[in-house]
Amino acid sequence: MKKGLIVVIAIVAVIAIIGGVCVSNYNALVTARETVDSAEANIDTYLQRRADLIPNIVASVKSFAKHETEVYSKIADARQKLVNAGTVAEKAQANSELTSALQGLNIVVENYPELKTDSTYVALMDELEGSENRIATARKDYNDAVKDYNNKVIKFPANIFAGIFGFEKAEYFEADDGAQNAPDVDALLGD
């Protein structure tokens, strides 16, 4: 009778340990995935803030440079792509296109020195710079969260539970090819 009770207790203890490991790993994976989702939402918030500022900046510049319609068109198109982007890769691509379009706007501003002293324009550019800094920080935080989550998904024994429960690696927010190169201002100016 005592041997049977000891065996039952041992089986219950093993099941409890295995159950505890399962619950612990599952909860760690869920927490890490939620951290990734939260970090992605922060990027979305800052990208939207940036997209919301752009029409104000463009309107400010337009008042000084009415004939620079091509630049405004590129900015508007890039902004729309950013607003409509769904995946992390699409957001990264749209963000890169918008950054390139904004570089063209900066060239327009260089041609209108009086614009650079306009208080509305200066305030908007300060806000845009703040947005750019927030986006950079949010991208870093997102990629850190993705790294932590992906490590959990691929490391043993959590990888077993990740496979069972359908947890997949998350996508990093990566810069486009060539983003590390400074823009060719002469080419942008047509010289």
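Q: Which residues does S131 touch, not counting residues up to four places away in sequence?
A: S131 touches R49, R50 and L53, with residues up to four places away left out; contact means heavy atoms within 4.5 Å. The model is predicted: local features need pLDDT of at least 70 and side-chain atom pairs count only at pLDDT 80 or more, while totals for chains, interfaces and linings use all residues. Residues are numbered from 1 along each chain as its sequence is written, and side-chain values use heavy atoms, with hydrogens and water left out.

Q: Why is S131 called buried?
A: Buried means under 20% relative accessible area, exposed over 50%, and partly exposed in between (1.4 Å probe, protein chains only). S131 has 1% relative accessibility and therefore counts as buried. S131 sits in helix α4; helices (H or I, at least four residues) and strands (E, at least two) are DSSP runs, numbered from the N terminus.

Q: What makes the pair of S131 and R49 a polar contact?
A: A polar contact is a pair of N or O atoms within 3.5 Å; within protein, one must be able to donate a hydrogen and the other to accept it, and residues adjacent in sequence count only if both atoms are side-chain atoms. The side chains of S131 and R49 make such a contact at 2.2 Å.

Q: Why is A94 called buried?
A: A94 has 3% relative accessibility, so it counts as buried. A94 belongs to helix α3 and touches A78, K81 and L82, not counting residues up to four places away in sequence. The C-alpha atoms of A94 and K81 are 5.6 Å apart, although 13 residues separate the two along the chain.

Q: What makes a set of residues a nonpolar core, and which members touch the most others in the largest one?
A: A nonpolar core is a set of buried Ala, Val, Leu, Ile, Met, Phe, Trp, Tyr and Cys residues joined through side-chain atoms within 4.5 Å. The largest one has 38 residues, and V36, I75, L98, L102, L105, Y142 and Y149 touch the most other members. Two or more residues each come from α1 (2-62), α2 (69-84), α3 (88-110), α4 (119-154) and α5 (158-165). The most come from α1, which gives 11 residues.

Q: Why is the pair of Y26 and F165 called edge-to-face?
A: Rings of Phe, Tyr and Trp (its six-membered ring) pair if their centres lie within 6.5 Å; planes under 30 degrees apart count as stacked, over 60 as edge-to-face and the rest as tilted. Y26 and F165 are 4.8 Å centre to centre, with 70° between the planes, and form an edge-to-face pair. Because Y26 lies in helix α1 and F165 in helix α5, the pair ties together parts 139 residues apart in sequence.

Q: Which residues form one aromatic cluster?
A: Y26, F165 and F167 do. Y26 and F167 form an edge-to-face pair at 5.7 Å centre to centre, with 70° between the planes. F167 is buried at 6% relative accessibility, whereas Y26 is partly exposed at 32% and F165 is partly exposed at 43%.
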